[in-house]
Amino acid sequence: MAGSLNKVQLIGHLGKAPEIRHTRDGRGVASFSLAKSESWRDKTTDGRKDRTEWHNIVVFTDGLVKIAEQYLKKGGPVYVEGQLTTRTWQDQSGNDRWSTEVVLQGFNATLTMLDGRRDDGGRYDPEQRGLDPDRTAGRSTTTARPSSIHEELDNEVPF
């Protein structure tokens with residue numbers, strides 16, 4: 001095999017509203033937890049079984065950080081696509097600690113809201129699935145639209 005692949009695709013619900021921090025050079029970073037649940041029928045007891053796994057998501061792409069800050073809310077369903085990254089550090093007691101996160105940065109980062117619009121009471125309207133581009137960040141490279149056809153043509157790669 002000539003190379004390797006590090007790609008994660010998850011659909012789940014936000015465990016809490018995104019936390020927004022800023023790097024020393026002023027760039028935004030969004031982080032949130034994502035719950036991925038599955039259920040099945042247990043053959044021995046004929047009852048339903050459920051399992052929820054939690055994933056830490058960290059977003060570095062500027063456009064996606066803005067979407068996360070403005071529109072993602074606790075409990076909202078979302079699709080993320082990024083890379084697994086494990087970071088290590090030492091805690092205050094000198095013990096080695098580690099954390100594995102799904103990191104969204106660069107060209108292949110994707111953050112898509114899967115819910116409808118929220119009403120003033122903070123509830124989701126599942127019938128409102130037609131999201132406009134300002135509410136959904138698809139690929140991180142499509143966060144801004146050209147204002148005219150001439151800008152669009154100028155932005156195309158000539159091959």
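## A parallel pairing, and the model behind it

Strands β4 and β6 (residues 96-104) run parallel and are joined by four bridges. Strands here are DSSP runs of E with at least two residues, helices are runs of H or I with at least four, and both are numbered from the N terminus. Two strands count as paired if DSSP finds at least two bridges between them. Within this pairing, valine 59 has leucine 104 in β6 as its bridge partner.

A word on what you're looking at: this is a predicted model, where local features need pLDDT of at least 70, side-chain atom pairs count only at pLDDT 80 or more, and totals for chains, interfaces and linings use all residues. Residues are numbered from 1 along each chain as its sequence is written, and side-chain values use heavy atoms, with hydrogens and water left out.

pLDDT is the predictor's confidence in each residue, on a scale from 0 to 100. The chain averages 79, and 72% of the residues score at least 70. The stretch to treat with care is residues 123-159, where pLDDT stays under 50. The model has 56 contacts for that stretch beyond four places in sequence, a contact being heavy atoms within 4.5 Å.

## The antiparallel pairs

Back to the strands. β3 (residues 28-41) and β4 (residues 48-59) run antiparallel, with twelve bridges between them. Tryptophan 40 has lysine 49 in β4 as its bridge partner. The hairpin of β3 and β4 has six residues between the strands, and aspartate 46 takes a positive phi near 60 degrees there.

β1 (residues 8-14) also pairs antiparallel with β5 (residues 77-90), over six bridges, and isoleucine 11 stands opposite tyrosine 79 in β5.

## Salt bridges

The count comes to six salt bridges, each one a side-chain nitrogen of Lys or Arg within 4 Å of a carboxyl oxygen of Asp or Glu. One of them joins arginine 51 to glutamate 38, with the closest N and O atoms 2.5 Å apart. That pair links distant parts of the chain, since arginine 51 sits in β4 and glutamate 38 in β3, 13 residues apart. Both side chains get the label partly exposed: arginine 51 has 41% relative accessibility and glutamate 38 has 36%. For the labels, buried means under 20% relative accessible area, exposed over 50%, and partly exposed in between (1.4 Å probe, protein chains only).

Aspartate 46, the hairpin residue with the positive phi, forms a salt bridge with arginine 41 at 3.9 Å between the closest N and O atoms. Aspartate 46 is exposed at 53%, while arginine 41 is partly exposed at 47%. Glutamate 101 and arginine 87 meet at 3.0 Å, N to O. Glutamate 101 lies in β6 and arginine 87 in β5, so this pair ties together parts 14 residues apart in sequence. Glutamate 101 is buried, at 10%, whereas arginine 87 is partly exposed at 41%.

## The core

The largest nonpolar core has 20 residues. Such a core is a set of buried Ala, Val, Leu, Ile, Met, Phe, Trp, Tyr and Cys residues joined through side-chain atoms within 4.5 Å. Those with the most contacts inside it are Phe32, Ile57, Val59, Leu72, Val80, Leu104 and Leu111. β1, β3, β4, α1 (62-71), β5, β6 and β7 (110-113) each supply at least two residues, and the largest share, four residues, comes from α1.

Leucine 104 is one to click on: not counting residues up to four places away in sequence, its contacts include Ile57, Val59, Leu64, Val80 and Leu111.
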